[in-house]
Amino acid sequence: MMEYERWDRDDRQMTQNVQKREKRGRKKSALKRMTAMVLGAAVLGSAAAGAFHGTDYLLTALETGGSQESLLAETGKGTVQEAEKNASLMNLQVNDQGGMINTAVSGGLDVSDIAEEALPSVVAITNISVQQVRRYYGMFGRFGQWATELEETESCGSGVIIAETNTDLYIVTNNHVVNGAVSLSVSFVDDAVYNATLCGTDADQDLAVIKVSLADLSDTTRSQIKVASVGSSDALRVGQQVVAIGNAMGYGQSVTTGIVSALNRTVTTGKDSSGNPVTSTYIQTDAAINPGNSGGALLNMDGQLIGINTAKVSSTEIEGMGYAIPISQAWGTIQQLMGQTAAGSSV
């Protein structure tokens, strides 16, 4: 937490503090003038543009603690080519206005860059299933007051393209997105829809892999889609910015952003076939995860897939608690599921 100065001493102490700051300001101003003089001499042997780049960099760097001698050596004594070369080595780059930008940050993209790169890798999945529902027909209805009948239902989710072979495109999603499906269809970034086949599922980890035959895809679709770049969730840190992409509410792909709120968060999400609680560890994020986002991508600021969005805490008293399966934890299972064909699957 940032600590602010507290003026709880007498006026003499306040005056002394102000004088100290003014003295430091005069030193900094003198240092800037000295730098300008050095660069003035360099102008005689280089273009004016080179001096402009050098001045801006030197003054900025001096304000952050660099010495005049070391900075001149690092920037090639003011020449444009050497300054830019050395700036690159120091994780700096020259912007359009002649200033220096520090690029030594985690992730080289902003959210719009990540969305542009990753959207072709994320798909919307539609699950057509048949479920038993109870209807109220009244006391003298066809089958009594409460009748059970079969009804075709439709649900939606998301998936991420994680591999391509000579024949198929493989997509990872959540088990609960494809569970009970009579038919599965996938909508790609160009809004073209194709039938998909279930390869395999892991209910305990809530993972599934489906595939789409490349022979079914049009040339237009194939030219626009891409396989996701897979990163490492083991390298994540709390507070790191992340981006979530998925088919929220079935409206089509949308983008949200937030941070890694916690790592290795243990959550019980349901029960297995024996009725025992299923507990797993997840990445917790405050990026908005809504119905339809399940199976979608959680990305780091390099645009790499680091999680599969799977759940959220839903309550009027709770906000910003979404969960994603860490990709490093899930990758072995995903590879196994790619090689399976769901037994008895009708899709």
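**Entry 1. The β12-β13 pair.** I began with strand β12, residues 297-299, and found that it pairs with strand β13, residues 305-312, in the antiparallel sense over three bridges. The model I am reading is a predicted one. I looked up two of the facing residues. Leucine 299 has leucine 305 of β13 opposite it. Alanine 297 has isoleucine 308, also in β13, as its bridge partner. I then read the turn of this hairpin, where five residues lie between the strands. Glycine 303 takes a positive phi there, near 75°.

**Entry 2. The other partner of β13.** I followed β13 to β14, and the two pair in the antiparallel sense over five bridges. β14 covers residues 322-326. Here asparagine 309 stands opposite alanine 324 of β14. Is β13 enclosed or open? I looked up its residues and noted that six of the eight are buried, so the strand is largely enclosed by the rest of the structure. A residue counts as buried when its relative accessible area is under 20%.

Entry 3. Six strands close into a barrel, and their order is β9-β10-β11-β14-β13-β12. The pairing is antiparallel. Neighbouring strands of this sheet are turned against each other by 50° on average, with direction ignored.

Entry 4. I noted two residues here. Asparagine 264 has a positive phi of about 55° although it is not a glycine. Asparagine 264 lies in strand β10, one of the strands of the barrel. With a relative accessible area of 63%, asparagine 264 is exposed. Aspartate 191 has a positive phi near 70° and is likewise a residue other than glycine. Aspartate 191 sits in the loop between β6, residues 181-187, and β7, residues 193-202. Why does aspartate 191 count as exposed? Its relative accessibility is 63%, and the cut-off for exposed is over 50%.

**Entry 5. Strand β4 and cysteine 156.** I turned to β4, residues 146-164, and picked cysteine 156, which lies in this strand. Cysteine 156 counts as partly exposed because its relative accessibility is 34%. Which residues is cysteine 156 in contact with, leaving aside its neighbours within four places in sequence? I listed Ile125, Asn247, Met249, Gly250 and Gly292. I also checked serine 185, which is 29 residues from cysteine 156 along the chain. The C-alpha atoms of these two residues are separated by 9.7 Å.

**Entry 6. A nonpolar patch.** I stayed with β4 for leucine 150, which has its place in that strand. Leucine 150 counts as exposed, at 61% relative accessibility. Together with Val130 and Val182, Leu150 forms a nonpolar patch on the surface. I noted about 270 Å² of accessible area for the three together.

Terms used. Residues numbered from 1 in each chain as written. Predicted model: local features only at pLDDT ≥ 70, side-chain atom pairs only at ≥ 80, totals over all residues. Heavy atoms only, no water. Pairing = 2+ DSSP bridges. Helix = DSSP H or I, 4+ residues; strand = E, 2+ residues; numbered from the N terminus. Axes fitted to C-alpha atoms, helices over the stretch in contact; angles between N-to-C directions. Contact = heavy atoms within 4.5 Å. Patch = residues over 30% accessible without salt bridge, like charges linked within 9 Å, V, L, I, M, F, W, Y side chains within 5 Å. Areas by Shrake-Rupley, 256 points an atom, 1.4 Å probe, with all protein chains shown as cover. Salt bridge = Lys/Arg side-chain N within 4 Å of Asp/Glu carboxyl O. Buried < 20%, exposed > 50% of the residue type's maximum accessible area, 1.4 Å probe, protein only.
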